[in-house]
Every structure is written in structure tokens, then in C-alpha cells.
Amino acid sequence: MKINVKYFAAIREAIGVASEQRETQATSLAALRDELIALGGGYAESLTRGKAVRVALNQVMCNESVTLTEGAEVAFFPPVTGG
Amino acid sequence: MPGVKLPRVSIQSADFDLSAEVAALRAQDARVGAVCSFIGTVRDRTAGEPGTIASMELEHYPGMTEKSIEAMIDAAQQRFDIFGARVIHRVGRLQPLDQIVMVAVTSKHRGESFRACEFLMDYLKTQAPFWKKEQTPTGARWVDARVSDDAALAKWGIALENTSLSAQPLI
């Protein structure tokens, strides 16, 4: 299925793009993260397990076990530091 | 009661005027007996060393930022006996002494405003998608999230962890 993926802050800088459309086999956010890590380079470096990464599905922060749906907007970002 | 509905959340690069914001929030409701506001400002230092931050860049997630703060205000409205709330957060390049964030709340009596204002700031610090990058004499660096901010949210009984390695539960 096709999904849109956004990256922010240090993760955006490591991967080198702010957003991209991706074709994925992943059915969960965890599986999508693993798929991205397997691409190596900045993806592996910034999303690797053991790094604190927050994930949002359709602009709501959620757990990685959540199911991915066609056309979803997924975002990966570091812990937030506003305020 | 109000003819014009003010926005509750503004994400903007421009500065803001606390007096004008509070006046607008109060003007709508003569039941108000208490106003509590908080302003966060840019410091010129980390770890107590003056002049170590020349400027900072605030990045955010347009769309989700507004939605998430709207949801926090809804949560505050449910939890506290308040009339109105307004949140402004600046983005882009900011210098030391600049205002970054404002939360203002109105209620009948002071207790609910004080609590709702702190609740909103604790929530925003750990759950609104903003990221700070500081310019220092040795280069730029992304600010690290603090475990103490998670603890501040936890005291409201909300167990969402911004800093943990595992993904957080669904809100």
C-alpha cells in the first residue's frame, strides 16, 4: 500500500528528506520502522531500536503496534522539546 | 457571552502581547474572576553558563501541533472548572530574552486557573510536536528531552513518556 511518511528534527536531518511517499508491505508501525531501518544509512542511524523515537499516525502520537492503513500519514520524530 | 470566537491555539513566528491576549480572553465573559498566565522565554545558557546559546530554531509539525494542543485544552476543560484557555507558541528563529510560549486560562476562582495553566504547560512540554535546536559557540545542537518533564505530567495521572525508548501508549 501507499503511505506518506514525514520526518522531523534530528531524524529529518539524518534521513535527508522531510517527507516522502512510500510503497510498503508493513502492516504495523513497528514493521514500517523495521523496513525503514533495513534501508541503512540515515534511516538505520536515526530509527534504530534503542533510540527514543516517537511515532504518530494521522497526526496522533501512538503505539507502534497500531495497524497501518492505505494513504496513512505516518511521522517519526525524536522526543519533543517545545515550551 | 461572546459574539466573536477567538482561536484557542496559535502557532506563529511573530511575537505576542500578553496584555492584549488576556484582555481578549476576559472580554468575552463577565463570569471570570481569575486569570492565570504563563510565559516561557529563551535563556542564553544551558547548565548555568551565560552566553552559551546565541539563538535557537523552533521546528514543529504543522497540523498535528494545533490538533494536539486543541486536544490538551479539551482535556483541561474536562478536568478543571475553567471558562477559557488560550495557547500561543512561536516557531522559527528566536533569540535569548524572546518570548516562546504563552498559556492563559480564565476561571471563577484562582485555584482552577493555576492548576489548568500548569497542567497545560506540563502537557505541552512532553506531548506537543516542537523541537528546539540551539546555536552555541561550538555549533548547533538539538535540545534533549528531559525526564523531569515526564515526571511533571505523571503527577496529573497521565502516564505518557516522551523520553522512553519504547513507544508510548495510544492517547
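Predicted model: local features only at pLDDT ≥ 70, side-chain atom pairs only at ≥ 80, totals over all residues.
1. The size of an interface is often given as the accessible area lost when the parts come together. Here, chain A and chain B bury about 2600 Å² between them. Carbon and sulfur atoms give 55% of that area. Three residues stand out on chain A: Gln59(A), Thr81(A) and Gly83(A) supply 27% of the area that chain A buries against chain B, more than any other three residues. In residue terms, the contact takes 28 from chain A and 36 from chain B.

2. **Polar pairs across the interface.** The count is 16 residue pairs in polar contact between chain A and chain B, both residues at pLDDT 80 or more. Two salt bridges also cross the interface. Arg12(A) forms a salt bridge with Glu59(B), and the closest N and O atoms are 2.6 Å apart.

3. **Which parts of chain A touch chain B.** Elements giving two or more residues to this side are α1 (9-15), β3 (54-57), β4 (60-61) and β5 (73-77) of chain A. Helix α1(A) gives the most, with four residues. By class, the side of chain A that touches chain B has 14 nonpolar, seven polar and seven charged residues.

4. **Salt bridges within chain A.** Side chains of opposite charge can pair when their charged atoms come close. The structure holds 19 salt bridges over all chains. One of them joins Arg33(A) to Glu64(A), at 2.7 Å from N to O. This pair links distant parts of the chain: Arg33(A) lies in helix α2 (residues 29-37) of chain A, and Glu64(A) lies in the loop between β4 and β5 of chain A, 31 residues apart. Both Arg33(A) and Glu64(A) are buried.

5. **Salt bridges within chain B.** Asp122(B) pairs with Lys155(B), the closest N and O atoms being 3.0 Å apart. The two sit in distant parts of the chain, 33 residues apart: Asp122(B) is in helix α3 of chain B, whereas Lys155(B) is in the segment after α4 of chain B. Asp122(B) counts as buried because its relative accessibility is 10%, and the cut-off is under 20%. A second pair, Arg45(B) and Asp44(B), meets at 2.6 Å, N to O. Arg45(B) is partly exposed at 32% relative accessibility. Asp44(B) is partly exposed too, with a relative accessible area of 23%.

6. **Helix α1 of chain B.** This helix spans residues 18-27, and Glu21(B), Val22(B) and Leu25(B) are buried in it. They cover an arc of only 95° around the axis, so they lie on the same side of α1(B). That buried set packs against β2 (34-41), β4 (82-90) and β6 (99-107) of chain B. The face turned away from the buried side carries the exposed residues Ser19(B) and Ala27(B). At the start of α1(B), a side-chain oxygen of Asp17(B) reaches to within 3.0 Å of the backbone nitrogen of Ser19(B).

7. **Helix α4 of chain B.** In α4 (residues 147-154), the buried residues are Asp149(B), Asp150(B), Ala152(B) and Leu153(B). Their directions fall within an arc of 155° seen down the axis, so they line one face of the helix. Helix α3 (110-127) of chain B is included in what covers them.

8. **Ser68(B).** Ser68(B) is found in helix α2 (residues 64-79) of chain B. Its relative accessible area is 13%, so Ser68(B) is buried. Beyond residues up to four places away in sequence, Ser68(B) touches Gln127(B), Ala128(B) and Pro129(B).

Technical notes. Residues numbered from 1 in each chain as written. Chains lettered and ligands numbered in written order. Heavy atoms only, no water. Buried < 20%, exposed > 50% of the residue type's maximum accessible area, 1.4 Å probe, protein only. Arc of directions from axis to C-beta. Contact = heavy atoms within 4.5 Å. Polar contact = N/O pair within 3.5 Å; in protein donor to acceptor, adjacent residues only side chain to side chain. Buried area = accessible area lost by both parts, 1.4 Å probe. Salt bridge = Lys/Arg side-chain N within 4 Å of Asp/Glu carboxyl O. Nonpolar A, V, L, I, M, F, W, Y, C, P; charged D, E, K, R; others polar.
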